[in-house]
Amino acid sequence: TGFGVAKSTEVAARLLGLNIKGATVAIHGFGNVGTFAFKFLTEMGAKVVAISNSKNAIFDKNGLDKTLIQKLIDEKKRLSEYPQANQIETHDFWGLGVDILIPASVTDVINQSNKDKISAKIIVEGANIPMREEIEEEFFKKGVLIVPDFVANAGGVISSYAEYRGLSAVEMFKLVESKIQKATEAVIKKALKTKENPRKVALELARKKVEAKMKK
């Protein structure tokens, strides 16, 4: 899932004219999705400047040290064990000036209490339903590009399908990359062209695919 979120982020950034290399990213969630999104985005050259969960948040304007973060992940340590100089209040996380925000934690993590603090150009929904649809609509009207959850975080479902088909790990990653990139590109390209909310576009495209398969 985290790999797919990273690939979806890369596509959305490119379509908005933002180079993923050097783009600043904040990730909310330090679980399976957030940690792997961090890994793959840093490999792409993105600058992850902040990571947060419900209890702790860390920030470095020059980019978090990927070696130290990977050590926390490998040793199953907490964000609070990252150097104290980089600790910030969790409520301050949402007001950081970043290019890309990835909510990858829990449902409704973006809500009435923090939505007005957010200034990111792109929000990629790594979590399921990280905000209510009316809040998504507010961001859309402000010109913020949102990649819907069922587009960005579908990698987990795709990998389960790959496992069911008996594909190898290499084949699985190729399948996730291909499907996530194609879906994100189709949705965001149409949304930018028609000036429609990406969720509405994604639902329409998904419905057409299902109906076409049902006819067969």
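Helix 7 is the top contributor to the lining of the largest pocket, with seven residues. Helices here are DSSP runs of H or I with at least four residues, strands are E runs of at least two, and both are numbered from the N terminus. Bear in mind that this is a predicted model: local features need pLDDT of at least 70, side-chain atom pairs count only at pLDDT 80 or more, and totals for chains, interfaces and linings use all residues. Residues are numbered from 1 along each chain as its sequence is written, and side-chain values use heavy atoms, with hydrogens and water left out.

**The open space**

The largest pocket holds about 510 Å³. Its lining has 15 residues, and F150, A154, K179, A183 and K209 are the ones nearest the centre. Two or more lining residues come from each of helix 5 (149–152), helix 7 (169–194) and helix 8.

On terms: with a 1 Å grid over the protein atoms alone, a pocket is an open set of points with protein on both sides within 12 Å along at least five of seven lines, a cavity is a set where a 1.4 Å probe fits but cannot get out, and lining residues have an atom within 4 Å of a point. Points are joined across faces, edges and corners, and a volume is the space filled by probe spheres set on them.

Searching the whole structure turns up two cavities of 30 Å³ or more.

| Cavity | Volume | Lining residues |
|---|---|---|
| Largest | about 40 Å³ | E136, F140, V144, I146, P148, N197, P198, R199 |

For the largest cavity, helix 4 (133–141) and helix 8 (198–215) each give two or more lining residues.

Seven strands make an open sheet in the order 4-3-2-1-5-6-7, with mixed pairing; strands pair if DSSP finds at least two bridges between them. Strand 4 (87–88) and strand 7 (145–147) are at the edges with a single partner each, so one side of each has no neighbour in the sheet. Strand 1 (residues 24–28) and strand 5 (residues 100–103) run parallel, joined by four bridges. I27 has I102 as its bridge partner in strand 5. Helix 2 (residues 32–44) packs on the sheet, touching strand 1, strand 2 (47–52) and strand 5, and its direction makes about 165° with that of strand 1. Contact means heavy atoms within 4.5 Å; axes are lines fitted to C-alpha atoms, for helices over the stretch in contact, with angles from 0 to 180 degrees between N-to-C directions.
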